[in-house]
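The following exercises are to be worked through with the sequence and the structure in view. Each task is followed by a solution in steps.

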Amino acid sequence: MPPAQPLPGAAAADAGGPCVYYDGGCPLCRAEIAAYRQADAGARLRFVDAQACPAEALGGDLARGDALARLHVRRADGRLVQGAAAFVEVWAALPRWAALARLARLPGVLPLLDLGYAGFLRLRPWWRPAAHPIDALPLPLRRALRTDHAGETGAVMIYRGVLAVTRDPALRAFAAEHLATEARHLAEMDATVPARWRSRLLPCWRLAGWLTGALPALAGQRAVHATVQAVETFVDRHYGEQLAQIDAVLGAADGSMQPGPERAALVPLRELLARCRADEVAHRDDAGARWDGRPGRLLALWCALVAGGSAGAVAVCRRV
(Lines give C-alpha, C1' and ligand atoms only; values in the text may rest on other atoms or scores of the structure.)
Protein backbone atom coordinates (compact mmCIF):
# COMPACT_ATOMS: atom_id res chain seq x y z
CA MET A 1 0.00 0.00 0.00
CA PRO A 2 1.37 3.47 -0.88
CA PRO A 3 2.51 5.54 2.12
CA ALA A 4 0.27 8.25 3.53
CA GLN A 5 0.70 11.56 1.73
CA PRO A 6 0.68 14.94 3.48
CA LEU A 7 -2.06 17.38 2.64
CA PRO A 8 -0.40 20.26 0.76
CA GLY A 9 -0.28 23.82 1.98
CA ALA A 10 -2.48 25.47 4.54
CA ALA A 11 -5.31 23.00 3.95
CA ALA A 12 -3.71 20.60 6.41
CA ALA A 13 -4.32 23.01 9.26
CA ASP A 14 -7.99 23.24 8.34
CA ALA A 15 -8.61 19.52 7.87
CA GLY A 16 -10.26 19.06 11.28
CA GLY A 17 -11.48 15.50 12.01
CA PRO A 18 -11.04 12.58 9.61
CA CYS A 19 -12.63 13.19 6.20
CA VAL A 20 -13.95 10.23 4.19
CA TYR A 21 -13.94 10.43 0.36
CA TYR A 22 -16.26 7.87 -1.23
CA ASP A 23 -17.83 7.06 -4.59
CA GLY A 24 -21.45 8.22 -4.49
CA GLY A 25 -22.11 6.50 -7.82
CA CYS A 26 -21.61 3.04 -6.31
CA PRO A 27 -24.80 1.68 -4.65
CA LEU A 28 -22.90 -0.55 -2.23
CA CYS A 29 -20.53 2.29 -1.31
CA ARG A 30 -23.51 4.57 -0.61
CA ALA A 31 -25.09 1.92 1.61
CA GLU A 32 -21.88 1.46 3.59
CA ILE A 33 -21.41 5.19 4.06
CA ALA A 34 -25.04 5.45 5.20
CA ALA A 35 -24.28 2.86 7.90
CA TYR A 36 -21.24 4.86 9.02
CA ARG A 37 -23.27 8.07 9.11
CA GLN A 38 -25.90 6.40 11.26
CA ALA A 39 -23.25 5.14 13.67
CA ASP A 40 -21.47 8.49 13.79
CA ALA A 41 -23.65 9.99 16.50
CA GLY A 42 -20.87 12.29 17.64
CA ALA A 43 -20.16 13.58 14.10
CA ARG A 44 -16.52 12.50 14.35
CA LEU A 45 -16.23 12.04 10.59
CA ARG A 46 -16.86 14.20 7.55
CA PHE A 47 -18.11 12.58 4.35
CA VAL A 48 -17.44 13.84 0.82
CA ASP A 49 -19.04 12.30 -2.27
CA ALA A 50 -16.11 12.32 -4.70
CA GLN A 51 -18.46 12.02 -7.67
CA ALA A 52 -20.60 15.07 -6.85
CA CYS A 53 -18.27 17.44 -4.97
CA PRO A 54 -16.34 20.35 -6.56
CA ALA A 55 -12.68 19.62 -7.27
CA GLU A 56 -11.45 21.87 -4.46
CA ALA A 57 -13.29 19.73 -1.89
CA LEU A 58 -10.88 16.88 -2.66
CA GLY A 59 -7.72 18.86 -1.98
CA GLY A 60 -4.77 19.36 -4.28
CA ASP A 61 -3.29 15.91 -3.61
CA LEU A 62 -6.35 13.78 -4.47
CA ALA A 63 -7.54 13.45 -8.06
CA ARG A 64 -11.23 12.73 -8.61
CA GLY A 65 -10.45 9.55 -10.53
CA ASP A 66 -8.35 8.19 -7.65
CA ALA A 67 -11.03 9.13 -5.12
CA LEU A 68 -13.65 7.27 -7.17
CA ALA A 69 -11.40 4.24 -7.64
CA ARG A 70 -11.06 3.42 -3.93
CA LEU A 71 -11.92 4.74 -0.47
CA HIS A 72 -9.68 7.52 0.85
CA VAL A 73 -9.58 9.10 4.30
CA ARG A 74 -7.80 12.28 5.28
CA ARG A 75 -6.63 12.06 8.87
CA ALA A 76 -7.00 14.92 11.31
CA ASP A 77 -3.33 15.78 10.72
CA GLY A 78 -4.01 16.18 6.99
CA ARG A 79 -2.35 12.97 5.86
CA LEU A 80 -4.14 10.87 3.25
CA VAL A 81 -4.62 7.09 3.47
CA GLN A 82 -6.44 4.75 1.11
CA GLY A 83 -7.74 1.20 0.74
CA ALA A 84 -7.98 -1.02 3.80
CA ALA A 85 -6.08 1.53 5.91
CA ALA A 86 -8.82 4.04 5.14
CA PHE A 87 -11.47 1.66 6.41
CA VAL A 88 -9.49 1.18 9.61
CA GLU A 89 -9.41 4.96 10.12
CA VAL A 90 -13.20 5.06 9.77
CA TRP A 91 -13.76 2.14 12.13
CA ALA A 92 -11.41 3.61 14.74
CA ALA A 93 -13.46 6.83 14.81
CA LEU A 94 -16.73 5.01 15.56
CA PRO A 95 -17.19 3.45 19.02
CA ARG A 96 -19.36 0.62 17.66
CA TRP A 97 -16.65 -0.29 15.14
CA ALA A 98 -13.60 0.30 17.33
CA ALA A 99 -13.09 -3.41 18.10
CA LEU A 100 -12.90 -4.14 14.37
CA ALA A 101 -10.26 -1.43 13.99
CA ARG A 102 -8.18 -2.98 16.78
CA LEU A 103 -8.46 -6.38 15.12
CA ALA A 104 -7.41 -4.93 11.75
CA ARG A 105 -4.28 -3.47 13.32
CA LEU A 106 -3.00 -6.85 14.52
CA PRO A 107 0.15 -8.01 12.69
CA GLY A 108 -0.60 -9.43 9.25
CA VAL A 109 -4.31 -8.50 9.17
CA LEU A 110 -4.12 -5.26 7.18
CA PRO A 111 -2.41 -6.86 4.13
CA LEU A 112 -5.13 -9.52 4.06
CA LEU A 113 -7.80 -6.82 4.18
CA ASP A 114 -6.09 -5.03 1.29
CA LEU A 115 -6.19 -8.23 -0.77
CA GLY A 116 -9.90 -8.63 -0.04
CA TYR A 117 -10.59 -5.00 -0.94
CA ALA A 118 -8.69 -5.41 -4.22
CA GLY A 119 -10.95 -8.36 -5.04
CA PHE A 120 -14.03 -6.29 -4.25
CA LEU A 121 -12.82 -3.52 -6.59
CA ARG A 122 -12.58 -6.04 -9.43
CA LEU A 123 -16.22 -7.02 -8.93
CA ARG A 124 -17.58 -3.52 -8.29
CA PRO A 125 -18.02 -2.53 -11.98
CA TRP A 126 -20.73 -5.21 -12.28
CA TRP A 127 -23.19 -3.11 -10.28
CA ARG A 128 -21.74 0.40 -10.51
CA PRO A 129 -23.21 2.52 -13.36
CA ALA A 130 -20.77 3.06 -16.19
CA ALA A 131 -18.85 6.32 -16.12
CA HIS A 132 -20.31 9.10 -18.24
CA PRO A 133 -18.70 12.35 -19.46
CA ILE A 134 -21.16 14.35 -17.35
CA ASP A 135 -19.62 12.80 -14.21
CA ALA A 136 -16.48 14.92 -14.79
CA LEU A 137 -18.43 18.20 -14.70
CA PRO A 138 -18.81 20.43 -11.63
CA LEU A 139 -21.96 19.69 -9.64
CA PRO A 140 -23.70 23.02 -10.45
CA LEU A 141 -23.37 22.30 -14.17
CA ARG A 142 -24.72 18.77 -13.76
CA ARG A 143 -27.73 20.20 -11.98
CA ALA A 144 -28.14 22.82 -14.71
CA LEU A 145 -28.09 20.09 -17.34
CA ARG A 146 -30.89 18.35 -15.48
CA THR A 147 -32.97 21.50 -15.90
CA ASP A 148 -32.04 21.68 -19.60
CA HIS A 149 -33.22 18.13 -20.18
CA ALA A 150 -36.46 18.79 -18.31
CA GLY A 151 -36.91 22.08 -20.16
CA GLU A 152 -36.52 20.50 -23.59
CA THR A 153 -38.95 17.78 -22.48
CA GLY A 154 -41.46 20.48 -21.57
CA ALA A 155 -40.80 22.39 -24.81
CA VAL A 156 -41.69 19.37 -26.92
CA MET A 157 -44.93 19.06 -24.96
CA ILE A 158 -45.79 22.76 -25.43
CA TYR A 159 -46.03 22.32 -29.18
CA ARG A 160 -47.79 18.99 -28.85
CA GLY A 161 -50.33 20.74 -26.68
CA VAL A 162 -50.84 23.41 -29.35
CA LEU A 163 -51.26 20.78 -32.05
CA ALA A 164 -53.73 18.82 -29.90
CA VAL A 165 -56.05 21.82 -29.61
CA THR A 166 -55.81 24.10 -32.63
CA ARG A 167 -57.14 23.50 -36.12
CA ASP A 168 -55.75 26.79 -37.43
CA PRO A 169 -53.48 25.83 -40.39
CA ALA A 170 -51.04 28.70 -39.83
CA LEU A 171 -50.74 27.96 -36.11
CA ARG A 172 -50.32 24.25 -36.76
CA ALA A 173 -47.52 24.96 -39.24
CA PHE A 174 -45.83 27.24 -36.69
CA ALA A 175 -46.10 24.59 -33.94
CA ALA A 176 -44.94 21.74 -36.19
CA GLU A 177 -41.85 23.65 -37.32
CA HIS A 178 -40.83 24.52 -33.78
CA LEU A 179 -41.67 21.02 -32.52
CA ALA A 180 -39.16 19.51 -34.95
CA THR A 181 -36.40 21.71 -33.53
CA GLU A 182 -37.33 20.98 -29.91
CA ALA A 183 -37.49 17.24 -30.62
CA ARG A 184 -33.92 17.43 -31.95
CA HIS A 185 -32.85 19.32 -28.83
CA LEU A 186 -34.45 16.68 -26.62
CA ALA A 187 -32.69 13.87 -28.50
CA GLU A 188 -29.37 15.64 -27.96
CA MET A 189 -30.14 16.14 -24.26
CA ASP A 190 -31.11 12.47 -23.94
CA ALA A 191 -27.66 11.60 -25.28
CA THR A 192 -25.96 14.11 -22.97
CA VAL A 193 -27.75 13.58 -19.65
CA PRO A 194 -27.76 9.97 -18.33
CA ALA A 195 -30.93 8.67 -16.72
CA ARG A 196 -29.53 8.91 -13.19
CA TRP A 197 -29.06 12.68 -13.62
CA ARG A 198 -32.50 13.43 -15.08
CA SER A 199 -35.29 15.00 -13.07
CA ARG A 200 -37.52 12.57 -11.21
CA LEU A 201 -40.44 14.91 -11.94
CA LEU A 202 -40.43 14.48 -15.72
CA PRO A 203 -44.13 13.46 -15.80
CA CYS A 204 -44.97 16.77 -14.10
CA TRP A 205 -42.87 18.76 -16.58
CA ARG A 206 -44.55 16.96 -19.49
CA LEU A 207 -48.00 17.83 -18.18
CA ALA A 208 -47.01 21.43 -17.42
CA GLY A 209 -45.57 21.81 -20.92
CA TRP A 210 -48.67 20.39 -22.59
CA LEU A 211 -50.94 22.75 -20.65
CA THR A 212 -48.65 25.70 -21.45
CA GLY A 213 -49.29 25.00 -25.12
CA ALA A 214 -52.88 23.80 -25.06
CA LEU A 215 -54.43 26.55 -22.93
CA PRO A 216 -53.31 29.54 -25.03
CA ALA A 217 -54.14 27.56 -28.19
CA LEU A 218 -57.77 27.72 -27.07
CA ALA A 219 -57.53 31.51 -27.38
CA GLY A 220 -55.85 31.53 -30.78
CA GLN A 221 -52.65 32.59 -32.50
CA ARG A 222 -51.96 35.75 -30.53
CA ALA A 223 -51.97 33.96 -27.17
CA VAL A 224 -49.75 31.15 -28.45
CA HIS A 225 -47.21 33.52 -29.94
CA ALA A 226 -47.09 35.62 -26.77
CA THR A 227 -46.65 32.47 -24.69
CA VAL A 228 -43.80 31.16 -26.83
CA GLN A 229 -42.10 34.55 -26.71
CA ALA A 230 -42.33 34.60 -22.90
CA VAL A 231 -41.00 31.05 -22.56
CA GLU A 232 -38.13 31.57 -24.99
CA THR A 233 -37.13 34.87 -23.37
CA PHE A 234 -36.60 32.97 -20.14
CA VAL A 235 -34.82 30.09 -21.89
CA ASP A 236 -32.44 32.48 -23.66
CA ARG A 237 -31.44 33.96 -20.30
CA HIS A 238 -31.15 30.49 -18.72
CA TYR A 239 -28.85 29.14 -21.41
CA GLY A 240 -26.85 32.37 -21.37
CA GLU A 241 -26.13 31.97 -17.66
CA GLN A 242 -24.84 28.43 -18.23
CA LEU A 243 -22.62 29.50 -21.12
CA ALA A 244 -21.13 32.26 -18.96
CA GLN A 245 -20.50 29.71 -16.21
CA ILE A 246 -18.74 27.36 -18.63
CA ASP A 247 -16.69 30.21 -20.10
CA ALA A 248 -15.56 31.19 -16.61
CA VAL A 249 -14.30 27.65 -15.98
CA LEU A 250 -12.67 27.18 -19.38
CA GLY A 251 -10.98 30.56 -19.22
CA ALA A 252 -9.79 30.36 -15.62
CA ALA A 253 -7.28 33.18 -15.33
CA ASP A 254 -5.29 31.43 -12.63
CA GLY A 255 -4.55 28.47 -14.91
CA SER A 256 -6.42 26.06 -12.62
CA MET A 257 -8.32 24.58 -15.55
CA GLN A 258 -5.85 22.00 -16.79
CA PRO A 259 -6.44 19.62 -19.76
CA GLY A 260 -8.41 16.63 -18.58
CA PRO A 261 -11.84 14.98 -18.52
CA GLU A 262 -13.57 18.10 -17.19
CA ARG A 263 -12.35 20.28 -20.06
CA ALA A 264 -13.00 17.47 -22.54
CA ALA A 265 -16.63 17.38 -21.39
CA LEU A 266 -17.09 21.15 -21.20
CA VAL A 267 -16.03 22.04 -24.74
CA PRO A 268 -18.64 19.93 -26.60
CA LEU A 269 -21.22 20.80 -23.96
CA ARG A 270 -20.70 24.49 -24.61
CA GLU A 271 -21.17 23.92 -28.34
CA LEU A 272 -24.43 22.05 -27.70
CA LEU A 273 -25.84 24.71 -25.38
CA ALA A 274 -24.85 27.50 -27.77
CA ARG A 275 -26.68 25.75 -30.63
CA CYS A 276 -29.76 25.22 -28.50
CA ARG A 277 -29.72 28.82 -27.34
CA ALA A 278 -29.48 30.11 -30.91
CA ASP A 279 -32.50 28.02 -31.89
CA GLU A 280 -34.49 29.23 -28.89
CA VAL A 281 -33.68 32.85 -29.72
CA ALA A 282 -34.89 32.23 -33.27
CA HIS A 283 -38.14 30.79 -31.84
CA ARG A 284 -38.55 33.83 -29.60
CA ASP A 285 -38.02 36.24 -32.46
CA ASP A 286 -40.29 34.28 -34.80
CA ALA A 287 -43.10 34.29 -32.22
CA GLY A 288 -42.53 37.97 -31.43
CA ALA A 289 -42.82 38.93 -35.10
CA ARG A 290 -46.21 37.21 -35.38
CA TRP A 291 -48.14 39.41 -32.94
CA ASP A 292 -48.24 43.10 -32.02
CA GLY A 293 -46.49 42.75 -28.65
CA ARG A 294 -49.26 44.63 -26.80
CA PRO A 295 -50.94 42.11 -24.51
CA GLY A 296 -54.15 42.85 -22.74
CA ARG A 297 -54.35 42.53 -18.98
CA LEU A 298 -55.28 38.82 -19.02
CA LEU A 299 -52.61 37.86 -21.56
CA ALA A 300 -49.96 39.87 -19.70
CA LEU A 301 -50.90 38.05 -16.49
CA TRP A 302 -50.68 34.70 -18.28
CA CYS A 303 -47.24 35.50 -19.72
CA ALA A 304 -45.98 36.60 -16.31
CA LEU A 305 -47.30 33.34 -14.86
CA VAL A 306 -45.52 31.35 -17.58
CA ALA A 307 -42.21 33.15 -16.98
CA GLY A 308 -42.48 32.79 -13.21
CA GLY A 309 -43.48 29.16 -13.53
CA SER A 310 -40.45 28.49 -15.73
CA ALA A 311 -38.13 30.02 -13.14
CA GLY A 312 -39.78 28.06 -10.34
CA ALA A 313 -39.55 24.81 -12.28
CA VAL A 314 -35.82 25.34 -12.84
CA ALA A 315 -35.27 25.92 -9.12
CA VAL A 316 -37.08 22.69 -8.25
CA CYS A 317 -35.48 20.72 -11.05
CA ARG A 318 -31.96 21.56 -9.90
CA ARG A 319 -32.64 19.43 -6.82
CA VAL A 320 -35.20 16.84 -7.95
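**Exercise 1. A pair of helices**

Is the crossing of α6 and α8 right-handed or left-handed? Determine also which residues bring the two helices together.

Solution. The model under study is a predicted one.

Step 1. Consider the axes: those of α6 and helix α8 (residues 202-219) come within 6 Å and cross at roughly 35°.

Step 2. Assign the hand: α6 and α8 form a right-handed crossing.

Step 3. Inspect the contacts. On the α6 side, the residues involved include His149, Thr153, Met157 and Arg160. On the α8 side, they include Trp205, Gly209, Trp210 and Ala217.

**Exercise 2. The sheet and the helix across it**

State the order of the strands in the sheet, and describe how α3 is placed against them.

Solution. 

Step 1. The open sheet consists of four strands with mixed pairing, arranged as β2-β1-β3-β4. Its edge strands, β2 and β4, each pair on one side only. On average, and with direction ignored, neighbouring strands are turned by 25° against each other.

Step 2. Take one pairing in detail. The strands β1 and β2 run parallel and are joined by four bridges. Val20 has Phe47 of β2 opposite it. As a general principle, strands of a sheet pair through backbone hydrogen bonds, either parallel or antiparallel.

Step 3. Place the helix: α3 lies across β1, β3 and β4, and runs at about 110° to β4.

Step 4. Examine how far helix α3 (residues 84-93) is covered. Nine of its 10 residues are buried, among them Phe87, Val88, Glu89 and Trp91. The buried residues of α3 pack against β1 (19-22), β3 and β4 (80-82), and also against the helices α1 (27-39), α4 (98-104) and α5 (109-123).

**Exercise 3. Salt bridges between separate parts of the chain**

How many salt bridges does the structure hold?

Solution. 

Step 1. The total is 11 salt bridges.

Step 2. Begin with Arg74 and Asp61, whose side chains meet in a salt bridge at 2.9 Å, N to O. Arg74, at 3%, is buried, whereas Asp61, at 26%, is partly exposed.

Step 3. Turn to Asp279 and Arg184, which form a salt bridge with their closest N and O atoms 2.6 Å apart. Arg184 is partly exposed, its relative accessible area being 41%.

Step 4. Examine Asp236 and Arg284, whose side chains meet in a salt bridge of 3.0 Å, N to O. Asp236, with a relative accessible area of 14%, is buried. Through shared partners, salt bridges join Asp236, Arg277, Arg284 and Asp285 into one network.

**Exercise 4. The nonpolar cores**

Solution. 

Step 1. The largest nonpolar core has 25 residues, of which Leu137, Leu145, Ile246, Leu266, Leu269 and Leu273 touch the most other members.

Step 2. Two or more residues of this core come from each of α6 (139-165), α9, α10 and α11 (297-317). The largest share, seven residues, is supplied by α9.

Step 3. Follow one member. With residues up to four places away in sequence set aside, Ile246 touches Leu141, Leu266, Leu269, Arg270 and Leu273.

Step 4. A second, separate core contains 22 residues, including Ile33, Val73, Ala93 and Ala104.

**Exercise 5. The surroundings of one residue**

Where is Ala69 placed, and with which residues is Ala69 in contact, its neighbours within four places in sequence left aside?

Solution. 

Step 1. Ala69 is in helix α2, and with 40% relative accessibility it counts as partly exposed.

Step 2. Apart from neighbours within four places in sequence, Ala69 is in contact with Leu121 and Arg124.

Step 3. Ala69 and Tyr22 are 47 residues apart along the chain, and 8.8 Å separates their C-alpha atoms.

Conventions:
Residues numbered from 1 in each chain as written. Predicted model: local features only at pLDDT ≥ 70, side-chain atom pairs only at ≥ 80, totals over all residues. Heavy atoms only, no water. Salt bridge = Lys/Arg side-chain N within 4 Å of Asp/Glu carboxyl O. Buried < 20%, exposed > 50% of the residue type's maximum accessible area, 1.4 Å probe, protein only. Core = buried A, V, L, I, M, F, W, Y, C linked by side-chain atoms within 4.5 Å. Contact = heavy atoms within 4.5 Å. Pairing = 2+ DSSP bridges. Axes fitted to C-alpha atoms, helices over the stretch in contact; angles between N-to-C directions. Left-handed = near helix turned anticlockwise from the far one by under 90°.
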